[in-house]
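Here is a short briefing on one protein structure. Look over the sequence and the 3D view, then read on.

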Amino acid sequence: MDFQFTYYQGNVIAKCSMEHFAVANWFNMEVPHHSQLISTALLHVQQAKSFTPEQESQILGKEYSLFINADEVMIRANNLSMNNDDKELEQDFHYYDEESVAFLGLEDFEQFLKSYLEFVT
């Protein structure tokens, strides 16, 4: 996973590769309002290393949530869990959600979090 941290107007901003855009969205929307979120996520990653395949932990956020299992992390916009069955789209139209969900390995996510901690120190 490619990512970069930068400072912008006194805040740390994350940028990620296209397929992991939801990781940057999670970071940029959730972390500034919850300073303990990085340490909480790291704790969940450490715990997930001893999970059985069917176990999962969740960190629910206001806009984005994390779903962590023994192998991977899914970051998903909370609005994706809303049921859109009552809304029909015209033929050949589809909901665009590429920026709203990302899957990455447990180690990649751990590296992302630790890199942030190194960046701010």
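The expected span of a helix is 1.5 Å times one less than its number of residues. Helices (H or I, at least four residues) and strands (E, at least two) are DSSP runs, numbered from the N terminus. The model is predicted: local features need pLDDT of at least 70, side-chain atom pairs count only at pLDDT 80 or more, and totals for chains, interfaces and linings use all residues. Residues are numbered from 1 along each chain as its sequence is written, and side-chain values use heavy atoms, leaving out hydrogens and water.

**Helix α3**
- Helix α3 covers residues 106-120, which is 15 residues.
- From first C-alpha to last, α3 reaches 22 Å, close to the expected 21 Å.
- Buried residues (under 20% relative accessible area; exposed is over 50%, partly exposed in between; 1.4 Å probe, protein chains only) in α3 include Leu106, Phe109 and Tyr116.

**Strand β4: cover**
- Strand β4 spans residues 64-68, and five of its five residues are buried.
- One side of β4 carries Tyr64, Leu66 and Ile68; the other carries Ser65 and Phe67.
- Both faces are covered.

**Strand β4: partners**
- Two strands pair if DSSP finds at least two bridges between them.
- Strand β3 (residues 57-59) pairs with β4 in the antiparallel sense, over three bridges.
- Glutamine 58 has phenylalanine 67 in β4 as its bridge partner.
- Valine 73 in β5 stands opposite isoleucine 68.
- The hairpin from β4 to β5 goes through three residues.
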